[in-house]
Amino acid sequence: MSNNDQTTSMIKLENVTKYYKNFPAVNDVSLEINRGEVFGFIGPNGAGKTTTIKMLATLMLPSEGKLSIGGYDIEREPYEVRRLIGYMPDSFGVYEDLLVWEYLDYFAALYKLGPAQRKRAISDVLELTDLSIKRDSQVMSLSRGMKQRLCLAKTLLHDPEVLLLDEPASGLDPHARIEIRELIRELCRMGKTVLVSSHILTELADFCTSIGIIEAGRLLAAGRIDDITANLAGHVVLEITVKGDPALALESLAERPEISRTTCDGRIIRAEYTGGSEDVDELLEYLIRRGVRLLGFTRTEADLEDIFLKITRGAVA
Amino acid sequence: MNLNNPILVKEMRTRMRGKRAFLVLTGYVTLLSLIIGMIYIIFKNNAPTSLLNNAGKILTPVLVYVQMGLICLMAPTFSASAISSEREQETFDLLIASLAKPSTILFGKVGAALSYLVLTLFGSLPLIALTYSLGGVDLGDIAKVYLVMFVAGVTYCSLSFLWSTLIRRGVLAQLASLFAVIFLVAAMPALALFFSALASNFSSGPSSGFLNLVFLLLRTNPFAAIASLIPGIPTPPGVWLPDVPVWASQVLFYLVLTALSLYLSLKRLERVRKWM
């Protein structure tokens, strides 16, 4: 039985494995997410994020291991878990023939809210998601971004403690993406425990307090962003801006043993530097000697993208 | 059935709001009216005057048979895609992750399908009232016939719902449901005919047990049940349970089938996490 009030761990996975036929989509994943935490679940497409979230949403059973939310076991106590969670799938449909308020009323009733409560909840979530003006519109008339917001509104109707958001901004234009991001930020401020997945790291970087990196079904790292960054001590990223073609700079960097990886975006090169911090000037001298025309040479801290690249390097064949 | 069932309310809103309900009902009543009108004209021009006074005796069974045929074709489509369409339009996850119990889903979906059935049966009442006014038909028999048709519709809707939980694709679920109904309606009389044909080859004639088996098969058929209510069609002598009317045994058989379909659907929905 749960001890909902005493536990600080809100979401718990213990050695969870999920097979599709013989293929392990999720492989021996253990994870704990504390109450009030905003956990970013990061990984490429097909890494096992959706399968993990579906298991947490009580839609699937694990092949092995145990999952619980708020102390309730998802296998034995699915209804208690469903009461606690708000689930937004990565790909979802809406009932096109309904009006916006009818759609929300339907789900509010499914979550056992009484008529008066339903009215209040619908009004609240419409306001939060900035859809009040669309209350009497047909669902089919909404744009993709609005439908996404409507689904998020539906997710919040019963005021769940835990939110499971699977790629909430996928397929949206930049404007709608920003709106969804702002909404999630607002939910974080409301103190909800949020598990949000994405393969676009910049989406999560702003508001996550902790992250988990999953690839090929295996959880490669999980914890507070600060802790993970600290574990990657010595991991320095150099941002080098070149004039003209970056090919020479890339070629020169590839020859240096202290450069473990480079990525190039136009004229800006990001190079992972593993050498001593006092020796960075040597690299600068070397590039100039090789005739690379530099506009900028800056040492930066590792961001979420760097952490992801560092951790996942070589994890997938 | 709980009328506050959110799924039932939602289904009623979506089903009854669009053009579909209007078109189904209009098409249904128009088809019945045309057939009855045509038969009435033919009958009026050819039948002797003595028969014309009891025209209802001919027109009512024709109307009921056509209606029963239409129910066989339409009822499976009312619920055959109830679950598969939720899966196809990607709303099933949201439904299952909510606090909706399997029984809420079952009764909401089947209840909404039955609303269509009730609508069509009510839609035909003015036509039956017309044929009744032409004389020769007992009001009690009409009530029994409507009971047979309603129960048959309920059974086909329940059976189709079961297929909808078993088959992922809506079109395939519809086809499977239609074949199941055709099997139920046609297979039993076909078997009865087959046994009768076999019996005619016996030198000493068929045994009473054999005849009973044939009659028992006919007792499961709604068309046979309706035929048994036409005045003048006698029950063969020496059959098992002669006091139990054919329509009553048929209704009972279909109610058992309905209960079985609903039970299996419920079990399937309870184990939804194993097949999703």
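**Exercise 1. Determine the strand order of the open sheet in chain A and identify its edges.**

Solution. In this predicted model, local features need pLDDT of at least 70, side-chain atom pairs count only at pLDDT 80 or more, and totals for chains, interfaces and linings use all residues. Residues are numbered from 1 along each chain as its sequence is written, while chains are lettered from A and ligands numbered from 1 in the order in which they are written.

Step 1. The open sheet of chain A has 6 strands in the order 6-7-8-3-9-10, with mixed pairing. Strands (E, at least two residues) and helices (H or I, at least four) are DSSP runs numbered from the N terminus; two strands pair if DSSP finds at least two bridges between them.

Step 2. Strand 6 (85-88) and strand 10 (218-224) of chain A each have a single partner strand, so one side of each lacks a neighbour in the sheet.

**Exercise 2. Describe how strand 7 and strand 8 of chain A are joined, and which strands helix 6 of chain A touches.**

Solution. Step 1. Strand 7 (residues 162-166) and strand 8 (residues 193-198) of chain A run parallel and are joined by 5 bridges. A:Val162 has A:Thr193, in strand 8 of chain A, as its bridge partner.

Step 2. Helix 6 (residues 174-189) of chain A packs on the sheet and touches strand 3 (38-42), strand 7 and strand 8 of chain A. Contact requires C-beta atoms, placed from the backbone, within 7 Å.

**Exercise 3. State how many residues each chain gives to the contact between chain A and chain B.**

Solution. Chain A contributes 23 residues and chain B 19 residues. On the side of chain B, helix 1 of chain B gives the most, with 5 residues.

How values were computed
Two residues are in contact if their C-beta atoms, placed from the backbone, lie within 7 Å. Axes are lines fitted to C-alpha atoms, for helices over the stretch in contact, and angles run from 0 to 180 degrees between N-to-C directions.
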